[in-house]
Amino acid sequence: MEVSTQIKKYRNTMELSQEELAEKIYVTRQTISNWENGKSYPDIHSLLLLSSLFNISLDQLIKGDIEIMKKEINKAEVEKFNRLGKVFSVSFIVVIIAFVPLVVFLKIYGAVVWAILYLAVLALAFKVEKVEKDNDISTYKEIAAFSEGKHLDEIQKQREIGKRPYQTALKVLMGAAVGIIIAAVTFTIIELIR
């Protein structure tokens, strides 16, 4: 059974109106209506209050809805990952493009502004990496599947885990190459400015 059906069933058993139930668990009547019609889902605090009021276990109340909750949590993680990924990508491009104009026109102040932008992008990169780590995704295939809200089957997952050391080494080499390029451009611009 779904929570919506359970809430309605136990509310009717206790002969409570939606308004009376809403008052007992500190929500609005509209919220109860939305729960019973499946338009929204109670938060954990409300679920605990409902199970206590109905004198049933939380398990009884949410029986059958655990998979729905898992999907909602996964959906939220995917949306967070995709949003962070887009912001990071745009920010990274802006930082790369902004370096030369900032340093040429603003000299040392431009370098300071660029360094601040760079640190902000670095912080975003750490956030993206944390989401990847929390969801055990690392390789391109895992990231692509996750960003579409899918997961790899066990065989595919094991193959991808085998690729991780190589992709980690490639990430380090690419990071070093970007660092060398930025350093070379910086020194060139500094020499041109003098």
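Which helix does Val100 lie in? Val100 lies in helix α6; helices are DSSP runs (H or I, at least four residues), numbered from the N terminus. This is a predicted model, in which local features need pLDDT of at least 70, side-chain atom pairs count only at pLDDT 80 or more, and totals for chains, interfaces and linings use all residues. Residues are numbered from 1 along each chain as its sequence is written, and side-chain values use heavy atoms, with hydrogens and water left out.

**View 1. A nonpolar surface patch of about 1,000 Å².** Val100, Val104, Phe105, Leu106, Ile108, Tyr109, Val112, Ile116, Ile181 and Val185 make the patch. Two or more residues come from each of α6 (66-134) and α8 (154-193). Helix α6 gives the most, with eight residues. Patch residues have over 30% relative accessible area and no salt bridge; nonpolar side chains (Val, Leu, Ile, Met, Phe, Trp, Tyr) are joined within 5 Å. Areas come from the Shrake-Rupley method with a 1.4 Å probe; for residues, only the protein chains shown count as cover.

**View 2. Val100 in the patch.** Val100 is partly exposed, at 36% relative accessible area (buried is under 20%, exposed over 50%, partly exposed in between; 1.4 Å probe, protein chains only).

**View 3. Glu36 meets Arg11.** The whole structure holds two salt bridges (a side-chain nitrogen of Lys or Arg within 4 Å of a carboxyl oxygen of Asp or Glu). Here the N to O distance is 2.5 Å. The pair links distant parts of the chain, 25 residues apart: Glu36 in helix α3 (residues 29-36) and Arg11 in helix α1 (residues 3-13). Both Glu36 and Arg11 are buried.

**View 4. Lys130 pairs with Asp134.** Their closest N and O atoms are 2.9 Å apart in this salt bridge. Lys130 and Asp134 are separated by about one helical turn, because they sit four residues apart in helix α6.

Conventions:
Patch = residues over 30% accessible without salt bridge, like charges linked within 9 Å, V, L, I, M, F, W, Y side chains within 5 Å.
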